[in-house]
Amino acid sequence: MSATQVDIKALESQHVLQTYKRQPVVFERGSGMHLFDDQGRKYLDFLSGIGVVSLGHAHPALAKAIGDQAATLVHTSNLYFHPLQGDLAARLSALTGIERAFFCNSGTEAIEACLKFARRYWYTKGETTRTKYVAFKYSFHGRTMGSLSVTSDEHYRGPFQPLIPGVSFADASDPASVAALVDDTTAAVIVEPVQGEGGVRPIPPATIQAIKDACAKYGTLLIADEVQTGCGRTGQFLGSQTFGLTPDLVALGKALGGGIPIGAAMVAGRIAETIFPGDHGTTYGGNLLACRAALVFLDELDQTLAANVREMSPHLFAGLRALAAKYPVITDVRGVGLLAGLDFSKDPAPVVAAALERGLLVNRTSNTVIRLLPPFIVSKRDVDEAMGILDAAIGSAGL
Ligand code: PLP
């Protein structure tokens, strides 16, 4: 370990709140699919900063745009107009089919906004008993009090009770559980089309139908959490489009800014009409730097990357299925587009460590799942290289 690494780790352990167990590596720069550590070692990035660095690292067009924007105007607050927010909102509206955007700085903020807007809709309509939410087992929506309240994992929830009341959790593998929980007191159902942190679990078609039926029956609003599945990750702009859901509210984040923090709550017109100045707000949300980054991301997605996600996905899943055929410890291959999970019968943490040693970044989620979230620029060669490293890592992990 170098002197700098010791200093960095000592400083962090003394002064940074210890909410993360970090992997033993210090990254100093990136380029495309690769990261480089402080020893100059190169790593193939199949995690993209947890689904964020959609254009890869140090993308030239993004770097230039944010450099230019930084030298022009970064932030003015939401008290004034600026030239980029309306443009970005219009483009997101065209891509999602949902009329309006509220900009914020993260996925969890986009979820908070959706939860509030759903409540505000019913309040404005005079249905003040419509305050409940139905979420799902294995859901993850963020760490703030509202988003945590609709997150199912007891490990995250337990220490922070009481959370907001009136939240119940359906079981995505049991469509009848949706019908059993939704009624005329349910403000909104909230669902990730593929539960990412919960173990890369696509919502089964029968449950998609049950959600649509229950929302139609009671007029309940549907919130799609597309923080991980949105912005092209599933092969279409929204996972909802891939899975046949028609949400009233959509939370976006992660990939949207290519690494510059930005989130968005997309709000259907009839809900937007029930929301008024002062109902919600943010100091930073949708500032010029973040909007400029998101506009570059949308340009790149449109020009080449949406097609690349669709082209690379079958190659990635073929590689993962070949690994599953080779190693009985892999019990399932799940996912869609460039969101993939390998489920193991044992804790695969040693595989993550062995992959890191061999120069590949992936992560473990939901105790038994290795998740892959490569940048949208990934090539067949990158996929082949990653599969080779994973093969060696699984082989050496001794599971
Ligand atoms: N929703 C989903 C589906 C997520 O995967 C995440 C983060 O992993 C969040 C919400 C929270 O987003 P953020 O960490 O940007 O606040």
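Predicted model: local features only at pLDDT ≥ 70, side-chain atom pairs only at ≥ 80, totals over all residues.
Buried here means under 20% relative accessible area.

**Stop 1**

Select cysteine 231. Cysteine 231 is buried, because its relative accessible area is 0%. Cysteine 231 is in no disulfide either; its nearest cysteine sulfur belongs to cysteine 104, at 12 Å.

**Stop 2: helix H5**

Select residues 107–124, helix H5. The 18 residues should span 26 Å at 1.5 Å a residue, and the end C-alpha atoms are 26 Å apart, so the two values agree. Serine 106 caps the N-terminal end of H5, with a side-chain oxygen 3.2 Å from the backbone nitrogen of glutamate 109. Go to the other end. Just after H5, glycine 126 has a positive phi of about 85°.

Colour the buried residues of H5. Among them are Gly107, Ala110, Cys114, Phe117, Tyr121 and Trp122.

**Stop 3: aromatic pairs**

The model holds 5 aromatic pairs. Start with phenylalanine 27 and tyrosine 43, an edge-to-face pair with 5.1 Å between centres and 85° between planes. The pair links distant parts of the chain: phenylalanine 27 sits in strand S1 (residues 27–31) and tyrosine 43 in strand S3, 16 residues apart. Phenylalanine 27 is partly exposed at 32% relative accessibility, whereas tyrosine 43 is buried at 4%.

Next, select phenylalanine 102 and phenylalanine 117. They too form an edge-to-face pair, 5.7 Å centre to centre and 80° between the planes. Phenylalanine 102 lies in strand S4 (residues 100–104) and phenylalanine 117 in helix H5, so the pair ties together parts 15 residues apart in sequence. Both phenylalanine 102 and phenylalanine 117 are buried.

**Stop 4: aspartate 38**

Select aspartate 38, in the loop between strand S2 (34–37) and strand S3 (42–45).

**Stop 5: salt bridges**

The whole structure has 12 salt bridges. Begin with aspartate 279 and arginine 120, whose closest N and O atoms are 2.8 Å apart. Aspartate 279 is in the loop between helix H11 (269–272) and helix H12 (288–326), while arginine 120 is in helix H5, 159 residues apart. Aspartate 279 is partly exposed at 23%, and arginine 120 is partly exposed at 22%.

Move on to lysine 326 and aspartate 391, which meet in a salt bridge of 3.0 Å, N to O. This one links helix H12 with helix H14 (residues 380–397), across 65 residues. Aspartate 391 is partly exposed, with a relative accessible area of 21%.

Then select arginine 364 and aspartate 347, bridged at 2.9 Å, N to O. Arginine 364 lies in strand S16 (residues 363–365), and aspartate 347 in the loop between strand S14 (339–344) and helix H13 (349–357). Arginine 364 is partly exposed at 34%, as is aspartate 347 at 38%.

Finish on Asp332, Arg334 and Asp343, linked in a network of salt bridges.

Conventions:
Residues numbered from 1 in each chain as written. Heavy atoms only, no water. Disulfide = S-S within 2.5 Å. Buried < 20%, exposed > 50% of the residue type's maximum accessible area, 1.4 Å probe, protein only. Helix = DSSP H or I, 4+ residues; strand = E, 2+ residues; numbered from the N terminus. Expected span 1.5 Å × (residues − 1). Polar contact = N/O pair within 3.5 Å; in protein donor to acceptor, adjacent residues only side chain to side chain. Phe/Tyr/Trp six-rings, centres within 6.5 Å; stacked < 30°, edge-to-face > 60°. Salt bridge = Lys/Arg side-chain N within 4 Å of Asp/Glu carboxyl O.
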